[in-house]
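Dear colleague,

Please find below the structure that I am handing over to you. My notes on what was found in it follow directly after.

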Amino acid sequence: LEMPEVSLLKVETPGTFWVRFRVAEDGVATVQKLSELEQRLNDLSLSVPGCLPNPTVDQHVLVKSKEDRQWYRGKVLHLLMNSEAVLARVFYLDYGEAVTVKTET
């Protein structure tokens with residue numbers, strides 16, 4: 001059985017960790033396809049508001065990064081309420097990090 005080469009991104013516990021496949025010479029086409037898919041997703045998301053409309057805990061969502069303005073897969077961990085807005089703590093599924101984002105109420 002041939003095992004793919006991966007880079008370890010983050011480890012929380014022995015059962016919770018994130019890896020990214022390493023690209024072999026013949027994997028260039030795969031990386032290009034993934035880049036094209038990411039671009040299509042970002043193009044499509046231009047018509048989507050930047051806020052989450054009425055999210056629920058454990059809901060899978062797309063979250064726009066404040067840093068690079070790209071969209072990433074996420075999962076709502078919990079909701080926070082303050083006097084100004086409802087916020088959602090969202091876990092980036094592919095990167096092992098969490099962010100807090102404003103929701104649409």
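In which strand is the place of Thr 103? Thr 103 belongs to strand E7, residues 97-104; strands (E, at least two residues) and helices (H or I, at least four) are DSSP runs, numbered from the N terminus. Please note that this is a predicted model, in which local features need pLDDT of at least 70 and side-chain atom pairs count only at pLDDT 80 or more, while totals for chains, interfaces and linings use all residues. Residues are numbered from 1 along each chain as its sequence is written, and side-chain values use heavy atoms, with hydrogens and water left out.

Overall composition

The protein chain contains one helix and seven strands, in the order β-β-α-β-β-β-β-β from the N terminus on. Of its 105 residues, 21% are buried (buried means under 20% relative accessible area, exposed over 50%, partly exposed in between, with a 1.4 Å probe and protein chains only). The accessible surface, from the Shrake-Rupley method with a 1.4 Å probe, comes to about 8,200 Å², and carbon and sulfur atoms account for 55% of it.

Leaving aside neighbours within four places in sequence, Val 76 is in contact (heavy atoms within 4.5 Å) with Pro 55, Thr 56, Val 57, Asp 58, Gln 59, Val 61, Ala 88, Arg 89 and Val 90.

Individual residues

Asp 58, one of the contacts of Val 76, is placed in the loop between strand E3 (52-53) and strand E4 (60-64). Its phi is near 75°, a positive value in a residue other than glycine. Asp 58 counts as partly exposed because its relative accessible area is 48%.

Thr 103, by contrast, is buried, since its relative accessibility is 5%. A polar atom of the Thr 103 side chain lies 2.7 Å from the backbone oxygen of Val 86.

Trp 71 lies in strand E5, residues 71-81, and is buried, given its relative accessible area of 6%. Trp 71 and Val 61 are 10 residues apart in sequence, and their C-alpha atoms are 9.7 Å apart in space.

With kind regards

Notes
A polar contact is a pair of N or O atoms within 3.5 Å; within protein, one must be able to donate a hydrogen and the other to accept it, and residues adjacent in sequence count only if both atoms are side-chain atoms.
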